[in-house]
Amino acid sequence: MRRYCPRTPCFKYYCTAIENNAFSLSTSASLVSSGNPFPSIRELRSRSREFAYLLQFPVSQQPILYYKKIHGQIVVAGLRYDVFSANVLMHSYSRLDCIEYARLVFDKMPKKNLISWSTMVTMYAQHGRNEEALLMFLELRTSSDEFPNEFIIASVVRACTQLGALDQGAQVHSLIVKGGLSQDVYVGTSVIDFYVKTGNVDEARLLFDELAVKTSVTWTAMITGYVRSGRSDVSLAMFYQMRDSDVNPDRYVICSVLSACSMLQYIAGGKQIHAYVLRRDTEMDVSVSNVLIDFYAKCGRVQSGRKLFDQMVAKNVITWTTMISGCMQNSFDMDAMELFGEMNRSGWKPDCFACTSVLTSCGSLEAIQPGRQVHAYTIKENLESDEFVKNGLIDMYSKCDSLLDARTVFDSMIKLSAVSYNAMIEGYSRHEKLYEALDLFGEMRLKMLHPNLLTFVSLLGVSASLFAVELSKQIHGLIIKVGVSLDVFASSALIDVYSKCSLLEDARLVFEDINEKDIVVWNAMLFGYTQQLENEEALKLYYQLQVVGQKPNEFTFVALTTAASNLASLQHGQQFHSLLIKTGLNCDPFVTNALVDMYAKCGSLEEARKMFNSTMWRDAVCWNSMISTYAHHGEAEEALLMYERMLKEGVQPNYVTLVGVLSACSHVGLVDIGLNHFHSMPSLGIQPGTEHYACVVSLLGRSGKLLEAKEFIEQMPIQPAAIVWRSLLSACCIVGDSELGAYAAEMAIYADPVDSGSYILLSNIYALKGMWSQVKKVRRVMESTGVIKEPGRSWIEVSNKVHVFVAKDKSHDMADLIFLILDDLIRHMKEVDYIPE
């Protein structure tokens with residue numbers, strides 16, 4: 001109920017003067033001094049209330065001057081020691097952030113009540129001067145016998161929360177219990193918030209359960225606490241509990257719970273909350289809509305988020321930024337770029353976060369021109385100096401193969417941070433510029449900037465791509481030396497680099513040292529085994545993955561399907577295919593490509609064709625798998641038809657595509673067609689490489705055009721690799737041209753002295769010609785140079801077990817029985833006069 005305040009003529013004159021901006025010191029002085037020079041207590045109280053009203057009167061121009069005038073009149077009116085007037089005056093100064101003026105008023109008060117102390121403590125806490133709030137509270141406890149009220153206590157707890165002062169907060173909590181304020185909802189909520197923000201969620205929950213009355217703020221504090229501590233499932237349970245109580249969730253609660261659903265990827269829960277908001281039949285708050293868009297984006301439902309975005313009548317900058325960021329995070333990069341343009345055209349000014357997101361999308365699409373336009377916008381709007389924008393520009397330019405521009409942005413930065421160095425090092429690493437990356441790393445250390453895990457991951461990436469074993473070990477040692485804790489990303493990078501450098505034992509040691517392995521770490525180890533053709537180990541590791549209950553993702557199955565391909569184990573491949581269908585991951589393009597490749601390598605050409613035709617989205621890799629499959633199976637016409645389809649559907653062929661096409665032509669001797677495709681490569685933007693030249697040599701050689709093949713090699717614009725000469729040597733072996741074969745072998749051995757293939761092919765040519773002395777000579781050269789022929793290997797799967805056989809190896813546990821049966825078969829072959837081809 002509003003307190004009655006008498007409206008005297010003096011008071012009315014004050015109000016009129018204020019409204020007409022005619023309030024002056026002389027006018028107010030005359031008003032105050034008029035009347036009885038010895039006013040009664042009743043008159044003083046009336047004046048005090050009038051001044052209080054004037055202090056609460058909204059003033060748009062020079063409010064501090066206005067309050068000072070009122071302050072002066074309070075003194076003139078004889079109310080300088082009036083507690084009520086002083087309290088209102090302190091509160092007014094506090095609202096204007098004039099803390100020192102408020103403190104002066106407080107210090108001159110001969111008598112103070114709890115409201116006076118509450119005003120000061122609250123003022124300090126609200127303005128972030130938490131140490132002074134605690135000192136003021138301590139002064140109250142030492143100078144007054146009165147027990148602090150709930151407002152003082154709540155403000156002190158807030159100061160302890162902002163300071164993270166756990167000990168002081170616990171002492172205040174003890175005082176609350178002692179003073180019987182533990183059931184006050186205002187105090188109880190502040191204590192719950194204190195324990196939540198200092199990491200004691202369980203302690204907060206005990207207080208929450210004991211609190212008889214709870215407001216929406218109390219529920220919000222508790223739910224938000226669980227979300228921040230990573231216990232999103234508990235926060236969801238609390239939301240349902242709150243919904244069943246008599247307290248309606250407000251927008252803060254709903255936003256917190258939606259954040260929990262995002263963290264848990266709990267799509268069904270988020271949809272239920274969305275439906276709950278709609279059922280309330282009230283206009284959805286823009287902040288709730290923004291969090292809903294963020295939830296859908298983080299759960300991979302960008303279309304749902306976009307639908308909500310399009311339906312929103314009122315949007316703000318956060319709405320646009322959230323939608324752009326969501327598209328970028330889900331690889332809807334073109335949509336992100338279009339939204340950025342639409343945001344500009346709608347009159348909104350994208351902030352640094354929106355610019356950073358769209359720069360990432362430009363980099364992913366290698367769209368350098370739109371990226372330059374965003375760069376120009378950041379300069380125009382004075383956003384270029386923002387560190388996030390700078391790092392986004394470096395990342396965008398490096399992904400668009402414009403390292404010079406990336407370095408220019410980097411060098412223009414006045415204050416370089418570890419993040420900036422990481423962005424530039426990652427750019428160099430992506431382009432395998434090892435020395436430039438190491439130079440920057442050295443510069444970073446000279447400037448005493450501590451490298452973090454991202455720095456080391458970038459360096460490990462470039463050392464892995466260049467198979468730099470010693471460098472990788474040095475980086476690993478440095479990680480240990482600087483005391484950086486290995487996380488799953490750094491561990492995965494180490495596993496990857498050791499695997500690529502054929503150090504699988506070291507990779508496995510890193511893998512075993514990780515206490516909490518996520519699926520990324522498991523995948524890194526699985527790919528390591530498949531890359532080094534340790535496919536049985538990959539399958540064993542998958543069984544361990546199943547035992548620990550880790551959920552595999554699409555990359556896990558890509559590695560496993562690759563292992564089945566390498567083993568030519570159709571049974572394992574089909575089992576993984578079934579699991580993919582059950583888990584709903586069979587439509588992923590990477591998975592589809594791996595399945596097509598697996599069925600092809602296992603000889604199931606029809607299954608590979610079905611898998612390819614059932615794929616909704618086919619990239620160049622998928623087409624390449626099918627073209628190579630037809631080529632390897634000798635179906636050149638099908639391979640060439642597939643290539644024509646690929647071009648008609650607008651898929652850009654790449655380096656690997658033409659290797660498959662030329663290989664198909666080579667297998668069946670389509671010389672003219674093959675040469676036409678080879679000569680068309682520059683028009684497709686593909687620079688011919690070693691594999692393409694080797695295919696053309698094989699194409700000419702298998703057609704009996706050995707001299708043309710030799711001439712083709714000698715006219716190559718690049719240095720012929722050993723594989724090119726071996727292609728000619730292989731053709732000479734088929735035709736039986738020992739003279740040219742010897743020349744080709746000499747050139748191949750010169751290019752790669754340790755490869756046994758060239759020696760073996762030359763030896764086979766001499767053997768076919770009956771030139772046994774030359775065969776012995778080749779064998780002696782191999783022995784003298786230390787070249788060892790890799791023994792042939794074959795395997796067969798029986799009863800879910802793979803049996804491997806190596807030439808002249810008798811290590812198999814049933815070797816005696818196997819050789820006995822083989823001898824018997826050879827005897828029968830001789831009896832029927834069978835002559836092997």
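**Exercise 1. Is Trp522 buried or exposed, and which ring does it pair with?**

Start with accessibility: tryptophan 522 comes out at 5% relative accessibility, so it counts as buried, given that the cut-off for buried is under 20%. Keep in mind that we're working with a predicted model here.

Next, look for the partner. The rings of tryptophan 522 and phenylalanine 511 have centres 5.0 Å apart, with planes at 80°. Angles over 60 degrees go down as edge-to-face, so that's what this pair is.

Now place the two residues. Phenylalanine 511 belongs to helix 30 (residues 504–513) and tryptophan 522 to helix 31 (residues 519–531), so the pair links parts of the chain 11 residues apart.

Finally, check the partner's own surroundings. Phenylalanine 511 is buried too, with a relative accessible area of 1%. Its ring also has a charge over it: the charged end of lysine 517 sits 5.0 Å from the ring centre.

**Exercise 2. Work out how the rings of Phe239 and Tyr276 are arranged, and which parts of the chain they link.**

A search of the whole structure turns up 20 aromatic pairs, and this is one of them. Ring centres lie 5.9 Å apart and the planes meet at 90°, so call it edge-to-face.

On to location: phenylalanine 239 is in helix 14 (residues 232–244), while tyrosine 276 is in helix 16 (residues 267–279). That's a link between distant parts of the chain, 37 residues apart.

How covered are they? Phenylalanine 239 has 0% relative accessibility and tyrosine 276 has 10%, so both count as buried.

**Exercise 3. Which residues of helix 18 are buried, and where do they sit around the axis?**

List them: Val302, Gly305, Leu308 and Phe309 are the buried residues of helix 18 (residues 302–311). They span an arc of only 125° around the axis, which puts them on the same side of the helix.

An α-helix has 3.6 residues a turn, so residues three or four places apart point the same way.

**Exercise 4. Which residues make the nonpolar surface patch of about 640 Å²?**

Met814, Leu817, Phe819, Leu820, Ile821, Leu822 and Leu825 make it. Take leucine 825 as an example: it's found in helix 47 (residues 815–831). With a relative accessible area of 47%, leucine 825 is partly exposed.

Note on methods
Residues numbered from 1 in each chain as written. Predicted model: local features only at pLDDT ≥ 70, side-chain atom pairs only at ≥ 80, totals over all residues. Heavy atoms only, no water. Phe/Tyr/Trp six-rings, centres within 6.5 Å; stacked < 30°, edge-to-face > 60°. Helix = DSSP H or I, 4+ residues; strand = E, 2+ residues; numbered from the N terminus. Buried < 20%, exposed > 50% of the residue type's maximum accessible area, 1.4 Å probe, protein only. Lys NZ or Arg CZ within 6 Å of the ring centre and 35° of its normal. Patch = residues over 30% accessible without salt bridge, like charges linked within 9 Å, V, L, I, M, F, W, Y side chains within 5 Å. Areas by Shrake-Rupley, 256 points an atom, 1.4 Å probe, with all protein chains shown as cover. Salt bridge = Lys/Arg side-chain N within 4 Å of Asp/Glu carboxyl O. Arc of directions from axis to C-beta.
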